[in-house]
Structure formats: C-alpha cells, structure tokens
Amino acid sequence: MKHNELSKRIIARSLSGLMAAMLLCTVGCSSQKADTFVEITADGGAVPVEGDTFISIEGFATPDPIVTPAPTPEATPEPTKRPQSSLTDKPKESSEKAPEKKNETTPAPSTPEPEKKTEGKTPYADSYSKVGVAYEGQSDGISFDTTSLSGERVSDRVFSKADITMVNIWTTT
Amino acid sequence: MQEMESLSEIAYEYKGTGFQLIGLVADVTPTDTAALDTAKSLMSKFGATYVNLTTSNSIAASILNDVDAVPATKFYDGNGMLIAVSYGLKSKKGWINLIETVMHEKT
C-alpha cells in the first residue's frame, strides 16, 4: 500500500516535470548551445524531499531575437495630374480655369521683351508718327575728344554705349 | 532751350532701349569759364539732366563741321557713324516721332 502511494507520487511528479520540460522546449530549443539543468518541483518551489526528480533539459537556449521588420518606405505618391475630366467637371472648371488664366497672363509682361528687341523696344514704338529724316551715308566713324560741362572727359567712345546716340546741338545765345 | 526739359524726360524714358541723348553746346569751349557758367545755369534753369559737351577742336572738326544752323540734331550709330540729321525746335511728341523713326529704320 505504501509502495503504491510512492509509485503514484513519483509518476505524478514525473508527468508534471515532463510537461514542464515540453513547455520549455516549445519556448526555444532550436539551437543547442548549452546544457541547462532545471529543477522542477511539484509543489512550486518547496524544499525537495527524498524522491524528487531532476529533469535535465537539453538545448535550452536563448530564443532568437525577434526581428522587427524595417518599415519599408512608402513610395511617394505621384503628383496628382490635373484630370482632364476636371475640364468637363463644370463646378471645378470655373475655379481651376482662373489660375490657369493667371498663368497665361502672368508671363505676358515679360514676353513682349523679346519682341521689343526686334521691333518695339522703345517706349513709343506703337504710337509714334513716322517723320522724314535726312539720312547720311557716312562710311567712317567720327573721332573727337572733349569735356562735358561738369568737366569729365568724353571721347567718341561714348557712341559705343548705345545703338543710337542723339546729339542735340544748341547755343547759349 | 525750353526743350531741355522734354529732352530730359526722353533721356530718362529711353534708358535701356539702346538709345542715348547727349547735348553739345556749340559756343562753349572747355576753357571759357564764363560761357561754361552760362551753359550750366541754363541747364539748371530748364532742368537738363543729360550730359552736355563743350566744343573742342575735334568736335568742331567732326560733329560741327557741316552744321550751319542751331538747334541741330545728329544721330550716330554705335560706331560713331552719322546716320541722320534734323534741324529745328520740336515738341516732346516731335522728338519722339523723330527718335522712333530713326530707331526703327536704322536698327
């Protein structure tokens, strides 16, 4: 009778120990780096008594670190193209056409500049009346050297500062 | 001389267009201080802000050699070649018409 009770106790402890071992193995025993001896007691840490079983668990190892997946950068969304349908979308049409018109009209002041280079770069190009002018056919440039009324020296090189130089000749009397 | 004011306005308005205006006082030499003072006072009186030259020997031999009346106006290109001549007083509109005509026909 006493022998039977001892056997049951041993079996119960062995089963609980085996279950604990299985539980530990599920945690991580893939790599076998160390041998660890774990004492399993049936009564949760009580002082072992005669007949307690020691179970060796082989391959208890540090679990592999959980690799946090690096966040993949999201692709920058392509700029939303102005849908052609917006032109047909009447409520938006008025609001979107306004800035477009603005874009068309904004460069207008700068665009006439190239035109001015060829035709109307002078301030009264569009409003003057053509007059008869006595044109000269001089073949050589003139040469002179003098001073201005303020005393600065001026030579014929002054002509190179402009395409056309108008010399207004007057007298004090 | 009254046209100095309108010529000053024209000189300002045509800045950066390839056109420049220069005055030349035909009866003032660089050494004639009295005439210089007279010319300066007239410039000040009529508000001339553009450069005015005195008459040196080389000016007399080049710009003034064929001028027989004043006021006279001569147009030169960038190489100093004479391209047009005009005589007489003009209003601002008259100056503009003359300048625009020369600018468009000779550039």
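Chain A puts 45 residues in contact with 70 residues of chain B. Keep in mind that this is a predicted model. Putting the two chains together buries about 5200 Å², and carbon and sulfur atoms give 63% of that area.

**Who does the burying**
- On the chain A side, look at A:Leu149, A:Met166 and A:Trp170: they supply 18% of the area that chain A buries against chain B, more than any other three residues.

**Polar and charged links**
- There are 33 residue pairs in polar contact between chain A and chain B, counting pairs with both residues at pLDDT 80 or more.
- Salt bridges between chain A and chain B come to a count of one.
- A:Lys130 forms a salt bridge with B:Glu105, and their closest N and O atoms sit 2.8 Å apart.

**What chain A's side is made of**
- Four elements of chain A each bring at least two residues to the side touching chain B: α4 (112-120), β3 (134-135), β4 (145-147) and β6 (164-170).
- β6(A) makes the largest contribution to that side, with seven residues.
- By type, the residues on the side of chain A that touches chain B split into 20 nonpolar, 17 polar and eight charged.

**Strand pairing across the chains**
- β3(A) pairs with strand β4 of chain B (residues 82-87), running in the antiparallel sense over two bridges.

Notes. Residues are numbered from 1 along each chain as its sequence is written. Chains are lettered from A and ligands numbered from 1 in the order in which they are written. This is a predicted model: local features need pLDDT of at least 70, side-chain atom pairs count only at pLDDT 80 or more; totals for chains, interfaces and linings use all residues. Side-chain values use heavy atoms; hydrogens and water are left out. Contact means heavy atoms within 4.5 Å. Buried area is the accessible area (1.4 Å probe) that two parts lose on being put together, summed over both. A salt bridge is a side-chain nitrogen of Lys or Arg within 4 Å of a carboxyl oxygen of Asp or Glu. A polar contact is a pair of N or O atoms within 3.5 Å; within protein, one must be able to donate a hydrogen and the other to accept it, and residues adjacent in sequence count only if both atoms are side-chain atoms. Ala, Val, Leu, Ile, Met, Phe, Trp, Tyr, Cys and Pro count as nonpolar, Asp, Glu, Lys and Arg as charged, and the others, Gly among them, as polar. Two strands pair if DSSP finds at least two bridges between them.
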